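This briefing concerns selected local features of one protein model.

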Amino acid sequence: MAGGPQPGAPSPRLPRLGLALALLAALAAVKYYRDAEAARRQEMALKSLGNEGLFLFSSLDTNNDLYISPEEFKPIAEKLTGVTPVFEFEEEETLDPSGETLSIVAKFQPLLMETMTKSKDGFLGISHIALSGLRNWTAPAAPMSMMCARQFKAFLPPKNKIELGNPWWIIPSELNIFTGYLSNNRFYPPVPKGKEIVIHKLLSMFHPRPFVKTRFAPQGAVACIQAISEFYYTVVFRIHAEFQLNEPPDFPFWFSPGQFTGHIVLSKDSSHVREFKLFVPNERSLNVDMEWLYGASESSNMEVDIGYLPQMELESSGPSIPSVVHDENGNVLDSRDPAGEPIQFVFEEINWQREISWEEAAQKLEVAMYPFKKVRK
């Protein structure tokens with residue numbers, strides 16, 4: 001009798017199922033082996049180098065594979081040979097005058113002088129002049145600024161970094177523990193280029209002399225995607241920057257917040273910004289480092305102190321809106337209705353398809369800045 005399998009004969013599906021289960025078991029075993037091997041190598045590196053040695057190693061091991069490639073060794077070679085690297089910057093594109101704009105508002109409460117350990121005039125020889133730039137900084141340099149949505153293109157992820165929590169560098173760090181540090185004896189920031197421009201413009205709302213690259217590692221700005229929708233990203237970022245508060249004839253005074261962090265919700269083509277916020281975290285009792293020179297040379301004595309800054313933040317007052325409004329025929333409309341009131345825009349609700357928590361995103365950025373923190377004891 002022709003037809004299906006005879007009674008009692010093994011089903012052809014069973015061997016396939018067994019093969020699939022065996023394959024899954026093999027893949028799980030490979031993953032377990034790789035994870036165990038990575039943990040073993042991390043533990044061996046920690047035992048061999050110690051915490052400080054592993055920090056030095058991690059500052060060069062940019063891909064965290066516990067091997068130093070020739071490209072990763074390049075900073076040491078440049079330091080030893082004295083060859084200065086040439087960096088290429090992406091220049092800012094010409095902005096469309098009819099593109100969308102948004103208003104950024106600055107909020108600032110000055111450093112609480114009583115939180116400094118050496119803040120009193122004359123205490124440990126500190127004069128009033130040394131702290132004049134700090135004492136006189138009581139308000140933001142620009143309480144409000146109008147910006148083009150396209151300027152925030154710098155916060156968009158590269159094409160190979162569109163997975164949740166996968167960090168990338170907006171401003172790459174040029175320093176590590178081996179390459180030393182930048183000069184303390186400076187007053188005026190270098191001209192920003194490429195993706196530095198928008199961050200310099202934003203930080204200039206607080207003070208006219210921001211340095212988007214700190215003197216010490218880790219420097220730069222790093223970001224990752226926290227949420228993705230069909231048309232939008234939420235990007236979380238972390239920036240290490242500082243300010244020079246003094247000008248000649250006074251000596252340099254460096255004001256270095258522990259970090260700037262924040263998020264931006266923007267369209268995937270950067271034509272629209274829904275939200276933007278940047279701030280210095282203030283949940284800890286001390287969140288700013290300060291250093292100032294007592295002479296005009298690099299070898300002059302330097303004083304160091306710490307303190308608490310209650311508020312330093314930038315926030316968009318609302319979503320970006322078109323600078324010019326057109327009707328269905330392409331004609332320019334008045335931006336105000338017949339009663340003289342501005343046209344009210346209605347924005348669609350964003351339905352996020354995938355997202356991670358703020359805490360997880362912030363942790364990813366911290367590890368990007370401090371690779372040795374990836375090690376678990």
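Helices (H or I, at least four residues) and strands (E, at least two) are DSSP runs, numbered from the N terminus. In that scheme, histidine 263 belongs to strand E9, which covers residues 260-267. The model is a predicted one. The points below begin with this histidine and then turn to the sheet, the pocket and the loops.

**Histidine 263**

- Histidine 263 counts as buried because its relative accessibility is 19%, and buried means under 20%.
- The side chain of histidine 263 makes a polar contact of 3.1 Å with the side chain of glutamate 275.
- When residues up to four places away in sequence are not counted, histidine 263 touches Thr234, Val235, Val236 and Phe237, as well as Glu275, Phe276, Lys277 and Trp358.

**The open sheet**

- Five strands form an open sheet in the order E4-E7-E8-E11-E12, and their pairing is antiparallel.
- E4 and E12 each have a single partner strand and stand at the edges, so one side of each has no neighbour in the sheet.
- Two bridges link E4 and E7, which pair in the antiparallel sense.
- Within E7, phenylalanine 243 is the residue that stands opposite proline 210.
- In general, the strands of a sheet pair through backbone hydrogen bonds, in a parallel or an antiparallel manner.

**The second largest pocket**

- The volume of the second largest pocket is about 860 Å³.
- The lining of this pocket comprises 33 residues, of which Arg238, His240, Gly258, Gln259 and Tyr370 are the closest to its centre.
- Two or more lining residues come from each of strand E6 (232-240), strand E8 (253-257), strand E11 (288-293), strand E12 (302-307) and helix H5 (358-369).
- H5 gives the largest share of the lining, with five residues.
- Sorted by class, the lining of the second largest pocket holds 16 nonpolar, eight polar and nine charged residues.

**Cis peptide bonds**

- The peptide bond that runs from alanine 217 to proline 218 is cis, and its omega is near -5°.
- Proline 218 is placed in the loop between strand E4 (210-211) and strand E5 (220-228).
- Proline 248 and proline 249 are also joined by a cis peptide bond, with omega about 10°.
- The loop between strand E7 (242-244) and E8 contains proline 249.

**Buried loop residues**

- Proline 252 is located in the loop between E7 and E8.
- Proline 252 counts as buried because its relative accessibility is 1%.
- Asparagine 185 is 67 residues from proline 252 in sequence, yet their C-alpha atoms are 6.3 Å apart in space.
- Apart from neighbours within four places in sequence, the contacts of proline 252 are Asn184, Asn185, Arg186, Phe187, Gln244, Asn246, Glu291, Trp292 and Leu293.
- Serine 270 is found in the loop between E9 and strand E10 (273-279).
- Serine 270 has a relative accessible area of 1% and is therefore buried.
- The phi angle of serine 270 is near 60°, which is a positive value in a residue other than glycine.

Technical notes. Residues numbered from 1 in each chain as written. Predicted model: local features only at pLDDT ≥ 70, side-chain atom pairs only at ≥ 80, totals over all residues. Heavy atoms only, no water. 1 Å grid on protein atoms, 1.4 Å probe; cavity = no way out; pocket = protein on both sides within 12 Å on 5 of 7 lines; lining within 4 Å. Points joined across faces, edges and corners; volume = space filled by probe spheres on them. Nonpolar A, V, L, I, M, F, W, Y, C, P; charged D, E, K, R; others polar. Buried < 20%, exposed > 50% of the residue type's maximum accessible area, 1.4 Å probe, protein only. Polar contact = N/O pair within 3.5 Å; in protein donor to acceptor, adjacent residues only side chain to side chain. Contact = heavy atoms within 4.5 Å. Pairing = 2+ DSSP bridges.
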